[in-house]
Amino acid sequence: MSRVGIIGYGISKFGKRTDASMYDLIWEAGSEAIKSSGVDKKDIDYMVVSNMGIFSSEELAAVVAGEVLGIKNAGLHRVEAACASGSSAIASAYDAIRSGRSKIAIAVGIEKMSEVESETAIELIGRAGDFLWEYEFFGLTFPGYYALYATAYLNRYGGREEDLALVSVKNHHYAHLNPIAHFNNEISVEDVMKSRYIASPLKLYDSSPITDGSAAVVLASEDVAKQYTDTPVWIDGIGSNLGTANLSKRSDFLHIEAAREAAAKAYRMAKIDQDKPYKHLDGADVHDCFSIAELMAYEDLGFAERGKALDMIRNDETYIGGKIPVNVDGGLISKGHPIGATGVSMAVEASKQLLRKAENGRQIDVRNGRFLAHNVGGTGHYAYVTIYSI
């Protein structure tokens, strides 16, 4: 079967974009992706848009995106997989091409979260768990969910809040070098420790912000891709898995089983050694909605044994030059987390890194020619792991 490759990409500036409407954000990323691909928009035969949609005045984001980008006579599909919506869009476009239903597809991720007050956004996201049992009865929101993970993890493995802070320090360092990032300031462990608690032990700097933004990629079948570029970024593997909505049905709070299973599927598809997958990868973007989530991802993805993620972050092993660079775009904590756009933005980052087009100071050493994206929806309700290659 034909491979599927990314032949163009675009991304908007992330942040609280009071200067831009949803239309503007779609245009920033989508027009850039189409232009960089070299395709004529009339040749795009399938469009998939990822958007959670509960924040925005525009309810039909897919229709809006098609109109803004001037795409006509194409199949249209909107997907929602909570915070993993963007990776779901990539998977949908990939499947359409692999099945032969499409030759050229565009995946667009968009979220305009700032159209509601922060308190409302937190409530709406909180409802993405088990609404009745967790949110309605006990008032859990997503900081609370991940505080449960953090408390269990630190207690089991002897970690400290300062270890969580090291994740934020690293990710802010690389966001400082990323012009599209929501936050461009470097911070210290002391800064993190002084920031206010959101849900103990998680603090403000341990948490991803409410962000507006968009990202887009143009994908094509192998025969078509080679007509447009000599350097497509291939999708070697996609793994996805579901998890329970209710946390009380999870086996423990020390890892996300859906992510571990998704990684195993992606590694098998890409023919990557599951014992030491980091040896086959040049870098990774992982879903650090909170600092504890990044540490858990190291272990769920097989970068570290259980309980050893603390050693990785303490020893700077996820910086460039370390064991495996992780979130050198700033991650969700610093680059930002516009929910529908996050997974697509990971595809953009994978493309930039593998094609050696990342900004100075955050370009990884490309030796294996492979990059991993790990995208989790909810508290592990959805999980996607995608392997990109050149």
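Hi everyone, let's start with D300, which is buried at 4% relative accessibility; buried here means under 20% relative accessible area, exposed means over 50%, and partly exposed lies in between, using a 1.4 Å probe and protein chains only. This is a predicted model, where local features need pLDDT of at least 70 and side-chain atom pairs count only at pLDDT 80 or more, while totals for chains, interfaces and linings use all residues. Residues are numbered from 1 along each chain as its sequence is written, and side-chain values use heavy atoms, with hydrogens and water left out.

So who is the partner of D300? D300 forms a salt bridge with R306, with 3.1 Å between the closest N and O atoms. By salt bridge I mean a side-chain nitrogen of Lys or Arg within 4 Å of a carboxyl oxygen of Asp or Glu. R306 is partly exposed, at 35% relative accessibility. The structure holds 21 salt bridges.

Next, please look at R362 and E349, whose side chains meet in a salt bridge at 2.7 Å, N to O. This pair links distant parts of the chain, 13 residues apart: E349 sits in helix α14 (339–354), and R362 in the loop between α14 and β10 (370–377). Helices (H or I, at least four residues) and strands (E, at least two) are DSSP runs, numbered from the N terminus. Both R362 and E349 are buried. Salt bridges with shared partners join E349, K352, E359 and R362 into one network.

Last one: E257 and R260 form a salt bridge at 2.6 Å, N to O. They are three residues apart in helix α10 (residues 257–270), so about one helical turn separates them. E257 is partly exposed at 33%, and R260 is partly exposed at 32%. Thanks, everyone!
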